[in-house]
Amino acid sequence: MTSIIKFTPLAGALNEGPNCYLLQVDEFTFLLDCGWSEDFDMDVINNVMKHISQVDAMLLTFPDIQHIGALPYLAGKIGLNCAIYATVPVYKMGQMFLYDLYQSHHNIEDFDKFTLDDVDSAFDKITQVKHNQTITLKDKGLGLSITPVHAGHMIGGTAWKIIKDDEEGEIVYAVDFNHKRERHLNGCSLFESSGETWSGKPPQLMITDGYNAMYQQARRKLRDEQLLTRIIETMRGDGNVLIAVDTAGRVLELAILLDQLWRDTRSGLCAYSLAMINNVTYNVVEFAKFMVEWMSDKIINSFTDQRNNPFHFKHLKLCHNLGDLAQVPQPKCVLASTADMECGFARQLFIRWAADPRNTVIITSRSTKGTLSRTLVDDPTVSRLKLEMKKRVPIIGEELDQYERNRAAKKATEVKVFEEESSDESDAEEPVNTIQNRHDFIVPNEVPKKSGSFFKQLKKTFPMYPFIEPRIKWDEYGEIINPDDFRMSNIIQVDEEVKAEIIKTKMEVDKTDSNPLQSVVEEAPTKCVTETVFIEMKCTISFIDFEGRSDGESMLKIIQQIKPREVIVVRADTKTTKYYAEAIRKALTSSGVEVFTPAVNEVVDTTKERHIYQVKLKDSLVGTLRFSNARDSEICWIDAKVDCSENVNDSSKVLTDSQIREAKEIADKEEFTMDHDGEDIIASQKSSNAINTQVANIIPSLEPLSIEDTPGHQTCFINELRLSDFKQVLTKEGYQAEFIGGVLVCNNMLAIRRNQQGHIDLEGTLTEEYYAIRDLLYQQYAVV
Amino acid sequence: MAEFEVEETPHNDSELLKITPLGAGQEVGRSCHLLEFKEKKIMLDCGIHPGISGLAGLPYIDFTEPEKIDLLLVTHFHLDHAGGLPWFLQKTTFKGRVFMTHATKAIYRWLLSDYIKVSNISTEDQLYTEADLEDSMARIETINFHEEKMVGGIKFWCYHAGHVLGAAMFMIQIAGVRVLYTGDYSREEDRHLMAAEIPAVRPDVLITEATYGTHIHEPREEREARFTNTVQDIVNRGGRCLIPVFALGRAQELLLILDDYWANHPELHDIPIYYASSLAKKCMAVYQTYSNAMNQKIQKQLNISNPFQFKHISNLKGMEHFDDVGPSVVMASPGMMQSGLSRELFESWCNDRRNGVIVAGYCVEGTLAKHILSEPEEVVSMSGQKIPLKLSVDYISFSAHADYKQCSEFVRAMKPPHVVLVHGEANEMNRLKLALNREYEDDPEPIQIHNPKNTESVQLYFKGEKMAKVMGELATTKPKHGDKLSGILVKRNFNYHILAPSDLSAHTNLTMSTLTQRQSVTFTASLSLLKYYLHQLSDDVVVLPLSNGREGLRVFGAVTVVKEQNMLLLEWTANPVNDMYADSVLAIVLRVDTDPQARKIPVQRIAKPDLNREFRERLEVMLEGMFGEESFKDPTSSGPDQINLEVDGFEIHINTKTRVVSCAGDENVAEMLEESIRRLYTTIMPVETV
């Protein structure tokens with residue numbers, strides 16, 4: 001039997017592109033993640049499109065754009081139709097990420113990559129699963145099962161294990177994992193030494209990223225302190241703090257951290273305001289409240305014991321637009337999406353606040369190269385920045401008239417053309433058309449002097465955004481309260497700016513129609529403009545790592561513990577990938593690991609001849625076995641004779657699953673070949689027979705050998721002794737034992753050494769203790 | 001006459017699967033079952049009997065040894081399933097692990113805390129205190145629905161069971177045999193819970209509740225209508241309506257129904273609905289948080305607003321806050337009116353005809369709720385007085401237990417070979433058993449139904465074929481009949497693998513180690529002398545070329561002997577055979593070093609040891625002793641490898657090389673002589689290395 005394993009990166013290999021990989025296991029093809037870059041690089045899509053027809057199932061790991069970004073495009077524009085598996089939080093938060101991404105772009109430009117409906121239709125295909133749930137695949141994937149395990153980093157974050165026939169080593173896809181415990185998440189359970197999630201076998205293949213391979217972050221405590229100091233310093237100086245963070249992943253960790261800081265009376269922060277802004281803030285926080293069981297033990301226990309839900313924020317204000325945010329008194333600390341600052345409120349606020357030396361911009365993740373965040377991380381001292389600024393402005397004056405005229409004319413023609421068509425359809429199409437039409441004549445009209453790159457010499461900054469300084473009104477009871485601030489945000493407000501409501505309405509209405517969207521658009525026709533602005537960088541920029549990924553050193557240690565037989569390194573630039581591959585090879589020399597570093601579209605074929613067959617152990621043999629314990633297994637030496645004679649009529653036999661499956665597999669194959677012969681009907685009958693006969697036939701049994709026939713064998717000592725453990729054993733037995741220069745010296749007479757390969761050296765003079773200690777040493781092993 | 005053979009006993013203990021109800025066997029309440037298979041012990045639920053207080057209400061724990069139980073699984077938070085847990089965890093020797101779902105754990109904490117408070121008033125013999133309960137929390141681990149866990153080879157996971165929030169059915173798999181324990185379940189989707197799932201894998205044994213026996217529930221719509229109509233009737237006639245309920249579980253369903261009904265009937269708005277439970281108020285947060293365990297409908301609703309924020313129902317803190325004027329609807333716990341607020345209200349309302357009580361849940365034998373269903377003239381109050389029963393009593397079952405229809409469908413969907421009925425009154429259970437038996441009477445795949453009493457075991461035998469997988473190097477060639485197979489058998493979680501030692505680290509988490517031993521001993525004699533003696537010990541003594549003037553020997557191809565000044569260093573790789581070799585080498589070393597006699601050997605013999613000559617000499621001495629000097633024939637006739645004798649007229653030829661004796665005429669003599677020569681040879685000649 002051969003087991004085919006082929007791996008093709010479609011993006012994010014030998015570079016920091018989005019995660020998107022094709023993995024073929026026998027006849028079954030998985031698409032591991034389908035991320036998209038911040039700039040919606042069509043190469044990724046084109047690449048995926050070539051293979052999309054062969055994909056049988058898609059496995060998602062994290063809810064961010066990096067890992068699921070291309071999903072709505074594939075579902076909406078290409079008609080992706082395969083099973084998609086994701087954990088419940090990845091499903092919920094993934095939607096939030098995509099809604100926010102769409103809305104952030106829609107707020108400033110005409111966004112055509114996908115629509116909100118595409119997001120919904122993509123997510124309808126997702127099968128929601130739990131961590132450690134085993135999903136047995138059917139049909140083509142017969143004999144395969146997949147299990148998501150906790151990977152940290154983001155809520156619901158997953159590493160996937162693909163297991164074949166329960167037996168051959170697993171395939172593990174683990175990227176961006178975090179082994180450290182955080183405020184809201186437990187560390188990943190990839191390498192639990194207790195072996196609960198791990199089958200006790202090293203995986204066949206591990207696909208992992210090298211993003212952090214050459215990177216060490218400071219200790220968490222240090223970073224927390226750094227964040228606190230930055231915030232306090234800025235706020236005391238009457239400046240605002242902008243924290244660029246993602247929509248629904250890492251933001252949860254930061255939100256909890258900041259809310260806790262604000263609650264802490266000693267921090268002296270409660271005088272200032274704290275806000276979180278993106279297009280779906282309310283929903284993100286609501287969903288987070290429902291997902292306590294996916295969070296850290298501490299949070300779960302605190303909820304069970306005191307009914308404290310950490311997402312019932314005390315200080316954090318939830319904002320959905322700049323209007324909301326303007327209501328929050330200055331100075332304020334704002335968590336804004338997106339982390340890369342390529343779009344969204346983070347970018348808008350950055351443009352607005354960067355020129356003020358009192359302000360601070362905190363970047364929490366390095367994002368990918370070329371994004372605004374990365375540019376700032378790489379060069380925090382930059383004094384002037386050229387940025388492209390897009391915005392959506394209402395149409396006025398002449399333009400508006402023309403727009404109206406145009407629309408009326410269009411409607412007239414539409415009515416004629418689509419008279420027979422249903423009204424829904426024409427309604428739905430309309431906004432798209434109008435937007436395109438508008439664009440055509442706006443460009444020459446309003447922004448001729450700003451749009452082209454010909455006008456670089458214009459150094460003066462342009463007015464950026466219609467900004468109204470909120471004037472706070474006071475009376476003897478304090479600030480006058482605006483009831484709108486306290487209104488549940490799911491009530492639809494007729495506010496031209498409130499684009500976030502569109503989403504919410506959508507969810508309530510459950511896509512019965514897209515009228516609200518339309519009405520908003522129709523009420524105030526808008527156009528999108530792009531301008532290039534130069535920003536004087538006066539504010540403080542600081543990068544504090546809240547990415548929640550394991551650092552390079554830990555990643556290597558984890559791999560060392562997992563001991564995969566083959567490793568594929570993806571998603572790191574060429575230099576880092578090579579470095580990491582070398583480091584893995586070095587760390588795992590003893591087990592002879594193979595490391596692959598494919599480039600995009602380069603196929604890694606690790607197809608192997610499988611050496612495995614099943615035997616039955618006869619009771620007469622089992623009776624002779626004397627097991628000894630080694631870790632969590634029992635082992636013994638077995639000498640046996642293969643007996644292939646059939647004893648089929650063993651009715652009391654309990655068939656194990658894998659046997660039946662195996663038999664079915666064979667049967668299916670037979671059926672398949674029969675199909676070719678055009679004997680469908682007989683084939684199906686035969687296959688059922690095959691199940692019966694194969695199960696009974698193929699399994700040879702083992703019976704004991706007579707003593708004369710038993711060949712001798714080299715004795716094996718099984719276990720890996722740690723000298724420190726043995727020292728304890730010795731001390732317990734009353735021997736004096738201490739380490740002198742890495743050598744365990746007992747009673748000043750015996751020396752026990754452990755060399756690099758794990759060999760143990762026992763050295764000493766001839767004494768009684770020598771034999772006693774040797775016996776103890778032997779007891780540490782299972783000797784067979 | 002057939003002979004009795006011990007090996008042929010049909011079953012042995014390793015195939016025995018034992019299911020013993022320690023509670024809830026032919027009764028309802030104190031659910032607790034023991035599952036034993038392959039030396040694993042699993043306890044399912046640990047409840048208390050709601051009708052019996054104190055220690056007597058516990059399951060029969062003393063029928064087992066708690067310290068030997070590996071695992072305890074709790075299906076849901078009701079007292080009759082989880083009520084005994086703090087006692088079991090804190091007051092017994094139980095050391096195993098406990099699992100329940102997140103929602104169950106969160107509610108368990110508050111429910112039991114409430115139970116402690118309530119029972120404080122009524123009984124003196126507390127099973128456990130609030131402190132015990134808090135301590136027990138740390139020991140309880142949580143499991144998500146569908147998440148698989150493995151504890152010491154026991155694999156288990158859980159499915160949604162309906163019934164109440166967080167209720168789970170546990171599938172337990174040991175060595176390939178699967179047992180499904182349903183706990184309490186309902187196959188009917190209601191306003192907030194989903195219906196119990198039908199597992200995709202077929203269990204070998206199904207332990208199912210039999211609460212409702214052969215009863216069939218009325219359809220949900222009818223039942224809800226009857227309920228709301230009854231409530232309306234009572235309040236319309238100016239009466240007070242008491243609905244005794246379990247504080248959590250079905251109560252939430254009833255609240256949803258009432259709130260919805262009141263919202264649709266504005267004429268009722270001036271009639272207050274009270275929910276007298278601080279506990280339910282506490283647990284609302286749990287209901288709001290663990291919505292993932294509820295049905296799709298409510299999850300969609302939760303995205304918008306919280307259906308558990310009731311508009312027409314107010315919370316009642318206690319009797320003292322209750323302004324009892326005019327008609328009202330009061331939901332109060334406990335559900336069976338054993339004590340507490342529902343009992344108090346009942347006693348103060350029971351002699352007014354206008355009032356009514358609606359028993360909405362299942363009632364256990366021996367409780368007041370069960371008693372009034374038989375419509376007695378009088379009831380005994382808490383204080384012992386007899387009071388007349390005048391209020392109307394209605395029974396509308398909202399308890400989310402499976403009825404006969406659901407149960408039978410459930411069994412049919414899975415077709416387990418064995419069904420064990422628990423959690424049902426003896427009569428009901430018997431009826432269910434008969435009904436199910438009838439159903440599968442003519443079925444080609446018969447189902448065996450068991451309904452054990454408490455502490456009576458159901459014994460099932462699962463003859464597990466021990467299957468092993470041969471992997472790696474050993475599996476490179478297909479097995480043929482008669483092939484020999486040698487390797488390491490690894491048994492882990494009831495799975496067997498056979499591997500070559502070299503493949504061990506590739507396929508398991510085990511590693512093979514090498515141990516080297518180095519022993520030093522003082523040695524003053526010369527190495528050549530030692531070599532001379534070692535030659536007598538072993539035929540495999542090789543001189544090792546060593547640098548810087550040291551000398552070394554390798555004996556048996558395993559033990560290296562190096563002399564360094566006055567020390568001798570023995571080095572070998574440890575294994576039992578090599579250890580033995582080393583010990584014998586050491587014995588020689590010690591003898592040479594300490595025995596002055598041993599050193600008195602002519603130098604030329606040391607230089608040129610000839611063991612064959614020595615053997616020949618000794619053999620001749622032996623033969624002389626055996627047969628006398630005269631038996632030696634003419635020495636000239638004997639060759640270098642040949643000795644010829646003549647004894648009693650027989651001619652004997654002995655080959656000293658092959659040690660074969662031929663004796664014309666008497667085989668016995670030859671045989672005897674050959675044995676003697678063999679013994680002499682093994683005594684004198686060195687050991688051949690294997």
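**Close-up views of a predicted two-chain model**

**View 1. The interface between chain B and chain A.** About 8700 Å² is buried between chain B and chain A, and carbon and sulfur atoms give 52% of this area. The model shown in this and the following views is predicted. The contact draws on 87 residues from chain B and 100 residues from chain A. The size of an interface is often expressed as the accessible area lost when the parts come together.

**View 2. Polar and charged links across the interface.** Between chain B and chain A, 33 residue pairs are in polar contact, with both residues of each pair at pLDDT 80 or more. On the side of chain B that touches chain A, the largest share comes from strand 24 (residues 484–492) of chain B, with nine residues. By class, this side of chain B comprises 35 nonpolar, 30 polar and 22 charged residues. The count of salt bridges between the two chains is four. In one salt bridge, the side chains of Arg518(B) and Asp761(A) meet at 2.7 Å, N to O.

**View 3. Strand pairing between the chains.** Strand 35 (residues 760–765) of chain A and strand 27 (residues 515–522) of chain B run parallel and are joined by six bridges. Within this pairing, Glu763(A) is placed opposite Arg518(B) of strand 27 of chain B. Arg518(B) also forms the salt bridge with Asp761(A). Strands of a sheet pair through backbone hydrogen bonds, in either a parallel or an antiparallel manner.

**View 4. An open sheet in chain A.** Seven strands of chain A form an open sheet with mixed pairing, in the order 7-6-5-4-3-2-25. Strand 7 (126–129) and strand 25 (604–605) of chain A stand at the edges; each has a single partner strand, so one side of each is left without a neighbour in the sheet. Strand 5 (residues 57–59) and strand 6 (residues 83–87) of chain A pair in the parallel sense through three bridges. Leu59(A) stands opposite Tyr85(A), which belongs to strand 6 of chain A. Helix 1 (residues 42–51) of chain A lies across strand 2 (5–11), strand 3 (20–25) and strand 4 (28–34) of chain A, and runs at about 150° to strand 2 of chain A.

**View 5. The surroundings of Val622(A).** Val622(A) is located in helix 21 (residues 619–622) of chain A. Residues up to four places away in sequence being left aside, Val622(A) touches Leu617(A) and Lys466(B). The C-alpha atoms of Val622(A) and Thr375(A) are separated by 67 Å, and the two residues are 247 residues apart along the chain.

Definitions and conventions. Residues numbered from 1 in each chain as written. Chains lettered and ligands numbered in written order. Predicted model: local features only at pLDDT ≥ 70, side-chain atom pairs only at ≥ 80, totals over all residues. Heavy atoms only, no water. Contact = heavy atoms within 4.5 Å. Buried area = accessible area lost by both parts, 1.4 Å probe. Polar contact = N/O pair within 3.5 Å; in protein donor to acceptor, adjacent residues only side chain to side chain. Helix = DSSP H or I, 4+ residues; strand = E, 2+ residues; numbered from the N terminus. Nonpolar A, V, L, I, M, F, W, Y, C, P; charged D, E, K, R; others polar. Pairing = 2+ DSSP bridges. Axes fitted to C-alpha atoms, helices over the stretch in contact; angles between N-to-C directions.
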